[in-house]
Amino acid sequence: MVLFEKAPAKINLSLDVLSKRDDGYHNVEMIMTTIDLSDRIEFHELKKDRITISLESRFVPSDERNLAYKAAALFKERYGIKAGVHIKIEKNIPVSAGLGGGSSDAAAVLRGLNRLWSKNLSLKELACLGAELGTDVPFCVYGGTGIATGRGENVELLKTAPACWVVLAKPNIGVSSGAVFQQIKLHEIEHPNIEKLMKALDKNDFSMICAHLGNALESITMALHPEVRHIKETMMQAGATGTLMSGSGPTVYGLAMQESKAQRIYNGMRGFCEEVFLVRLLG
Ligand SMILES: C[C@@](CO)(OP(=O)(O)O)[C@H](O)COP(=O)(O)OP(=O)(O)OC[C@H]1O[C@@H](n2ccc(N)nc2=O)[C@H](O)[C@@H]1O
Ligand SMILES: Nc1ncnc2c1ncn2[C@@H]1O[C@H](COP(=O)(O)OP(=O)(O)O)[C@@H](O)[C@H]1O
């Protein structure tokens, strides 16, 4: 049997850092939403009891270090499955970009294997399993729009975000989340107003959503990589209604309601960055 799953990227509409924990992580409060930029994951049953991965990427390993492999190994081990699977990943989401590509692949593997091996687990059960793989995996299991707390693994779904256009621009640098979190000075953080953003989402008020986008990691990544600030300024000048860096970066996105405006922003950014995408919120 062959199955497919879509693994959509996420953007952070808000990311706040609240405190440092004893386990080396930080307590955060993040609002995330999925976008129409996806990896495509194919599952092929194997006769032998093994996991194999294939993908074409200079940046992602196709062995047991791949998060998709780790997700399949965890699923097999937890449910005592004696069967094999080949997982083919078509990688469209830029890597180490703040777009949760690896987490979304892992989440898609959990959903896909749940179907392939007829386990009938709920999304909640898959999200719990996903928390063992990475901070953003539980959110990616659900998709849509949600608020994540704790180190990011506790997810509550929110009302759908408006189906606006998103222009994404990723400079040619990779950012490690760990390195950015390490630079945080808790007393200097500018906290985004998540309550106002939640209200805006609840009212489906696009301008209010754009006015309350915020990311406590943005200034840290910008200090490490000034090109991120430059991209954000250019995106605002190009007419985006709201702009923000996603996750720990370096991808910056701009939101627009009209397609013509989004297309103008996209055209403007293409002269600037190698990797620019024009997609919609899946919210
Ligand atoms: C901050 C986010 C927001 O979406 O950034 P992006 O990865 O999207 O950029 C993610 O939660 C990141 O998730 P991920 O990239 O999977 O990172 P993890 O492997 O969980 O953590 C990498 C490192 O970041 C730091 N870390 C991560 C999450 C957190 N709440 N507090 C932390 O301090 C820790 O030092 C950890 O060792
Ligand atoms: N299936 C996968 N897709 C992307 N990255 C992966 C995958 N498996 C492991 N990785 C590793 O995870 C790291 C973070 O990748 P990614 O999830 O794209 O970044 P981010 O957390 O910034 O969104 C990279 O070092 C990458 O090599």
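In the predicted model, four strands form an open sheet in the order β9-β10-β7-β11 with antiparallel pairing, where strands are DSSP runs of E of at least two residues, helices are runs of H or I of at least four, both numbered from the N terminus, and two strands pair if DSSP finds at least two bridges between them. The edges are formed by β9 (242-245) and β11 (275-280), each of which pairs on one side only, and the twist averages 20 degrees from one strand to the next. Strand β9 is joined to the antiparallel β10 (residues 252-256) by 4 bridges, and G242 has L255 of β10 as its bridge partner.

Helix α10 (residues 259-270) lies across β7 (165-170), β10 and β11, running at about 10 degrees to β7; contact requires C-beta atoms, placed from the backbone, within 7 Å, and angles, from 0 to 180 degrees, are taken between N-to-C directions of axes fitted to C-alpha atoms, for helices over the stretch in contact.

Residues are numbered from 1 along each chain as its sequence is written, while chains are lettered from A and ligands numbered from 1 in the order in which they are written. Local features need pLDDT of at least 70 and side-chain atom pairs count only at pLDDT 80 or more, whereas totals for chains, interfaces and linings use all residues.

Key:
Contact = placed C-beta atoms within 7 Å.
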